[in-house]
Amino acid sequence: MKNVKRINLEEVSVGGNTLILGSSAEQFLLNALLTKSFGKKCIIIDFNEYLADIVKSYDLSINIEHIGEFLKEKIGIFNDEELILIKIGEYIRYFLRTNLPIMFFKDFLKDNMKKIYRYVGIFSSERYFYEAYYIVELLNLLLNLNVKPAVKSEKGDLLLSFKLIPLSLKRLAFVLLVDYLSEAVRDIIVIIPFNVFGVFSREEYTGTLMPSLSKILLRNKLVIIGNAIPYPRMDFLLKIDTLIIAGKVFQDDLNFLLWLFPQLNYVREFIGEYVVVISSNGTFIVEDATGTLHCEQSIALNYAFEEENYKALILNILKLLSEKPLAKNDMLTYLAMNLEREKIASVLDQVIARKLAVEYVGVDGEYWLKITPLGRYFLDKGDNLA
């Protein structure tokens, strides 16, 4: 090895804009939060709804707030800025797919969503009336859905949960959040999972997300994590200061990263076995960062299955997903060689519902599955679980 040092997790200092990549990316993120490796306050965007459940199970000093509560409070600061309100109204029109007049949303936001039905009643056309009613109810759901915080700490990091809202509202909420963070927040670390980009088209990414995310890159620090590089959206990598590879990575991703970070040549043999960190401070192998977090609280994994072999099947599914994400249809087809397809589908639904794996839409339009940190914990414990 050439100029490669071995360090402990507590010695890792994550600086600048960071890419965390690999099959254990989420697990490393949680370990880094536990050891305060980021060094300053973080905002974690829990778009896929499962990180909050993991945080609840560990002794992490993180505030959990629902995205609707956060946006309702923050949108209020724009009350006197007409152009900002019009911009937000356009976001709503686009991501909720409506042709309602922009002034409808501008007035709706200025009134802080208090007199909801007043805004529906202004339409005499029956079609517009029901469309407005539906849109207002969606916004009311987003901005008034309360989720009880799991942890309270004035100085702790903030995790924004997107729990219990449909995909159209998630998309809108994410855009509103990124817009707010790019304009109003300074000197903070914004942590975004990669797979959140899978639900936006190339045009939405380029025209709506990229300008705001570029501002975050300039004014704050951005950490993006995931199993794979989200082709063709690799422009962020040109601004990455720190690369962290945690777990197995796709060969195509590794080839591209070698072009950006030639130091990877010195540590290729260790990728997948150890966490590799490349930054301006050097190239490091982290020897104790891939293990399961120590659980300080009782974790709810006492799952009762209808049949004993359900448990074995779930462990088999998690073992497959621990290697790499898989398309849901491919998983169904592979496992249905020995079991009924309906039974496999039922077990996969249990795996997703219990946050052992997360389901997301890939860039190919197919549904994909990937294991969560909770799923890795379940897989590690195996038959020793109660």
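Reader: Glu359 first: buried, exposed or partly exposed?
Author: Glu359 is partly exposed, at 29% relative accessible area. Buried means under 20%, exposed over 50%, and partly exposed lies in between (1.4 Å probe, protein chains only). This is a predicted model, in which local features need pLDDT of at least 70, side-chain atom pairs count only at pLDDT 80 or more, and totals for chains, interfaces and linings use all residues. Residues are numbered from 1 along each chain as its sequence is written, and side-chain values use heavy atoms, without hydrogens and water.

Reader: Which element is Glu359 in, and what does it touch?
Author: Glu359 sits in strand E12, residues 357–361. Helices (H or I, at least four residues) and strands (E, at least two) are DSSP runs, numbered from the N terminus. Leaving out residues up to four places away in sequence, Glu359 touches Lys328, Ile352, Tyr367, Trp368 and Leu369. A contact is heavy atoms within 4.5 Å.

Reader: How far is the C-alpha atom of Glu359 from that of Leu326?
Author: The two C-alpha atoms are separated by 9.9 Å, with the residues 33 apart along the chain.

Reader: And Lys328, buried or exposed?
Author: Lys328 is buried, with a relative accessible area of 17%. Lys328 belongs to helix H12, residues 328–335. Apart from neighbours within four places in sequence, its contacts are Leu348, Asp349, Ile352, Glu359, Tyr367, Trp368 and Leu369.

Reader: Changing topic. What's the strand order in the 10-stranded sheet?
Author: The order is E1-E10-E9-E8-E2-E7-E6-E3-E5-E4, in an open sheet with mixed pairing. Strands E1 (4–7) and E4 (62–66) are at the edges with a single partner strand each, so one side of each has no neighbour in the sheet. Neighbouring strands are turned by 20° against each other on average, direction ignored. Two strands count as paired if DSSP finds at least two bridges between them.

Reader: In which sense do E1 and E10 pair?
Author: Strands E1 and E10 (residues 282–286) pair in the parallel sense, over 4 bridges. Val4 stands opposite Thr283 in E10.

Reader: What about E7, how many of its residues are buried?
Author: In E7, 5 of the 6 residues are buried, so the strand is mostly covered. E7 pairs in the parallel sense with E2 over 4 bridges and with E6, also in the parallel sense, over 5 bridges.

Reader: Which strands does H1 touch?
Author: Helix H1 (residues 25–34) packs on the sheet and touches E2, E3, E4, E5, E6, E7, E8 and E9. The direction of H1 makes about 140° with that of E7. Axes here are lines fitted to C-alpha atoms, for helices over the stretch in contact, and angles run from 0 to 180 degrees between N-to-C directions.

Reader: Where does H8 lie?
Author: Helix H8, residues 167–184, lies across E3, E5 and E6, running at about 165° to E3. Of its 18 residues, 14 are buried, so H8 is largely enclosed by the rest of the structure.

Reader: What span should H8 have, and how far apart are its ends?
Author: At 1.5 Å a residue, H8 should span 26 Å, and its end C-alpha atoms are 25 Å apart, which agrees. The expected span is 1.5 Å times one less than the number of residues.

Reader: Which residues of H10 are buried, and what do they pack against?
Author: Helix H10 (residues 251–260) has Asp253, Leu254, Phe256, Leu257 and Leu258 buried. Those residues pack against E2 and E8.

Reader: Loops next. What is the phi of Asp187?
Author: Phi of Asp187 is near 55°, positive in a residue other than glycine. Asp187 is in the loop between H8 and E6 and is exposed, at 56% relative accessible area. Arg97 also has a positive phi, about 55°, and is not a glycine. Arg97 lies in the loop between H4 (82–95) and H5 (102–110), exposed at 54%.

Reader: What's the mean pLDDT?
Author: The mean for the protein chain is 77, and 78% of its residues reach 70 or more. The pLDDT is the predictor's confidence in each residue, from 0 to 100. Over residues 291–307 the pLDDT is below 50, and that stretch has 44 contacts in the model beyond near neighbours in sequence.
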